[in-house]
Amino acid sequence: MKDSNFIWKLLGISRVLYNQKKNNLALLKVEKIQKEIFYADLFNDSIKDSEWFIHKSISPAGWALKYASIYFLYRALDKMKPKRILEFGLGQSSKLIYQYVDYFKGTTAITYEHDTKWIDFFKNEVDRFYEMNIYLTEVEDVYYKQEKTLSYKDNCNELKGQKFDFILVDGPYGSEHYSRSQIIN
């Protein structure tokens, strides 16, 4: 085996394989960027004449939902017309959800979030446009199928027995295994 490695190095094959792997990773990044651009265009075309999505400042960067998810959320709200919405995790999705709720009277939404600073920052950004129904809740480590994961404390027990037409799970932030297991209960 050592002899074959020596021959590969001698012939430059190791370098070729390394460069090929590096190029493949670069190509995957480019494809991911192209996909995001495609969904950004699709989303922007879809909301152009929206009656209810008025304040169009969306920032799908960092931990936020990406344009593909934002696009599908917009389409789901616009076509399904849910009356009761439950959202785990405050963010860019909330901008769509609460404008939808503000426009379609008789529609309600509840958002669970664990980060007080994020709630304050976010409310300062959107409060002048529409009202939000945010529940501050703590997160805790729980075990699901013998794997440690993060969940909302007390697993949002106050929701038991309530029915929702639409549930978006984007919080709390992910764990290595079984993220966001609170949705099961």
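A charge is taken to sit over a ring when NZ of Lys or CZ of Arg is within 6 Å of the ring centre and within 35 degrees of the ring normal. Arg 84 meets this description, lying over the face of Phe 164 at 4.6 Å from the ring centre. The structure is a predicted model, in which local features need pLDDT of at least 70 and side-chain atom pairs count only at pLDDT 80 or more, while totals for chains, interfaces and linings use all residues. Residues are numbered from 1 along each chain as its sequence is written, and side-chain values use heavy atoms, with hydrogens and water left out.

We turn to the strands. Helices (H or I, at least four residues) and strands (E, at least two) are DSSP runs, numbered from the N terminus. Strand E1 (residues 84–88) is largely enclosed by the rest of the structure, because four of its five residues are buried; buried means under 20% relative accessible area, exposed over 50% and partly exposed in between (1.4 Å probe, protein chains only). Two strands pair if DSSP finds at least two bridges between them. E1 is joined by five bridges to strand E2 (residues 108–113), and the two run parallel; Glu 87 has Thr 111 in E2 as its bridge partner. Four bridges, again in the parallel sense, pair E1 with strand E6 (residues 166–169), where Val 169 is the bridge partner of Phe 88.

In a regular strand, side chains alternate between the two faces of the sheet. In E6, Phe 166 and Leu 168 make up the covered face, and Ile 167 and Val 169 the uncovered one.

Ile 97 is found in H4 and counts as buried at 0% relative accessibility. Contact means heavy atoms within 4.5 Å. Leaving aside neighbours within four places in sequence, Ile 97 is in contact with residues including Ile 85, Glu 87, Ala 109 and Leu 168. The C-alpha atoms of Ile 97 and Ala 109 are separated by 7.5 Å, with the two residues twelve apart along the chain.

Lys 95, also placed in H4, is buried too, at 2% relative accessibility. The Lys 95 side chain makes a polar contact with the side chain of Glu 125 (2.7 Å); such a contact is a pair of N or O atoms within 3.5 Å, where within protein one must be able to donate a hydrogen and the other to accept it, and residues adjacent in sequence count only if both atoms are side-chain atoms.

Aromatic rings come next. Rings of Phe, Tyr and Trp (its six-membered ring) pair if their centres lie within 6.5 Å; planes under 30 degrees apart count as stacked, over 60 as edge-to-face and the rest as tilted. The whole structure holds 20 aromatic pairs. The Tyr 39 and Tyr 71 rings, with centres 6.1 Å apart and planes at 45 degrees, form a tilted pair. Tyr 39 lies in helix H2 (residues 13–47) and Tyr 71 in helix H3 (residues 67–80), so this pair ties together parts 32 residues apart in sequence.
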